[in-house]
Amino acid sequence: MKGFPLDGAVAVITGASGGLGSVLAAELAGRGSYVVLTGRSPERLALLAGSLGERVSWTAMDITSSESVQAAVREIITKHGHIDVWINNAGFGIFERAEEAPLEHFEEMMDVNYMGTVRCTKAVLPHMRKAGKGQIVNIASLAGKIGTAKGSGYCASKHAVLGFTDSLRQELAGTGITVTAINPGPIDTPFFEQADPEGHYVNNIRWMMLRPEQVARKTVEAIAKGRKETDMPFFPAAGARILRLFPRLADGRIGQWMNKK
């Protein structure tokens, strides 16, 4: 698949006020892209944009609101004329057992992680269709490929993102629009302040946690090369592939190793 030349491209990032989103912004700006940061906190977005230089701007947007998403897309198109790359990065997780988790947590994760991706994609897609080119990048997760204990709500939302991504890719074949899934394992970001407030999971898997800079570089590389999917890091990604082929392995020691939450 054909990638996107990053120099001069207009790239929009959701959930860009911190964590992976802010590092992605710096990586793209460093490669010559015009980056638009989006999120719910104008103060944080403005501060970050100001620190990254003149090629970076921001637009407030709430991905749980279709009206807010549509308004933000119109604002960006009015300012830049087009959108080349849209990165659906916003998301959150809460790790808890299904029987103990409030129903609201399932609904909220699905609304942000999955429906937020759908809302944004449907808003930007007509503009990419008109241009005959574009790239939609969905930051999913290895959790979207394998379920783990205490991950029922989060894993389900990321499974939904991957299902949507794979279907959309087939629907857009031949249109000039590339659809990419990025599936990282645990990343050392503030994500875990909410997902794992006691730090139990982080302490168990800290040795294999990715740095946000690693994920940002791999993501930008996937955009530049037009890749369909990128999994990382190697060991958990290989484990996910094996378990999809041989799911009964999750019943033994491999399952015990995976369930570190």
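Figure 1. G53 is partly exposed, with a relative accessible area of 35%, where buried stands for under 20% relative accessible area, exposed for over 50%, and partly exposed for what lies in between (1.4 Å probe, protein chains only). This is a predicted model, in which local features need pLDDT of at least 70 and side-chain atom pairs count only at pLDDT 80 or more, while totals for chains, interfaces and linings use all residues. Residues are numbered from 1 along each chain as its sequence is written, and side-chain values use heavy atoms, with hydrogens and water left out. G53 is placed in the loop between helix 2 (42-52) and strand 3; helices (H or I, at least four residues) and strands (E, at least two) are DSSP runs, numbered from the N terminus. Between the C-alpha atoms of G53 and G30, which are 23 residues apart along the chain, the separation is 9.7 Å.

Figure 2. S57 belongs to strand 3 (residues 56-60) and, with a relative accessibility of 13%, counts as buried. When its neighbours within four places in sequence are set aside, S57 is in contact with V35, V36, L37, A49, K79 and H80, contact meaning heavy atoms within 4.5 Å.

**Figure 3. The backbone at K150.** K150 lies in the loop that runs between strand 5 (134-139) and helix 5, and its relative accessibility of 29% makes it count as partly exposed. Although K150 is not a glycine, it has a positive phi of about 70°. Most residues other than glycine have a negative phi.

**Figure 4. The nonpolar cores.** The largest nonpolar core has 32 residues, and those with the most contacts inside it are M61, V73, I83, W86, M128 and L168; a nonpolar core is here a set of buried Ala, Val, Leu, Ile, Met, Phe, Trp, Tyr and Cys residues joined through side-chain atoms within 4.5 Å. At least two residues of this core come from each of helix 3 (66-80), helix 4 (103-131), helix 5 (152-171) and strand 6 (177-184), and helix 4 gives the most, with eight residues. M128 touches I83, D84, V85, W86, K133, G134, Q135, I136 and I177, residues up to four places away in sequence not being counted. A second, separate core of 31 residues includes L20, L24, V85 and M232.

**Figure 5. Packing of helix 4 against helix 5.** The axes of helix 4 and helix 5 come within 7 Å and cross at roughly 20°, where axes are lines fitted to C-alpha atoms, for helices over the stretch in contact, and angles run from 0 to 180 degrees between N-to-C directions. Helix 4 is therefore roughly parallel to helix 5, since angles under 35 degrees count as roughly parallel, over 145 as roughly antiparallel, 65 to 115 as roughly perpendicular and the rest as oblique. The crossing is right-handed, the term for a near helix turned clockwise from the far one by less than a right angle, with left-handed for anticlockwise. Among the residues that make the contact are F106, M109 and M110 of helix 4 and Y154, V161 and F164 of helix 5. By class, the contact of helix 4 with helix 5 has twelve nonpolar, six polar and three charged residues, with Ala, Val, Leu, Ile, Met, Phe, Trp, Tyr, Cys and Pro counted as nonpolar, Asp, Glu, Lys and Arg as charged, and the others, Gly among them, as polar.

Figure 6. A123 lies in helix 4 and counts as buried at 3% relative accessibility. Helix 3 and helix 4 pack at an angle of about 35°, with their axes 9 Å apart, and the crossing is right-handed. In this contact S66, V69, Q70, V73 and I77 of helix 3 meet R119, C120, A123 and H127 of helix 4, a set that divides into five nonpolar, three polar and one charged.

**Figure 7. Packing of helix 1 against helix 8.** The axes of helix 1 (residues 19-30) and helix 8 (residues 212-225) come within 9 Å and cross at roughly 50°, so helix 1 and helix 8 are oblique to each other. Helix 1 passes helix 8 in a right-handed crossing.
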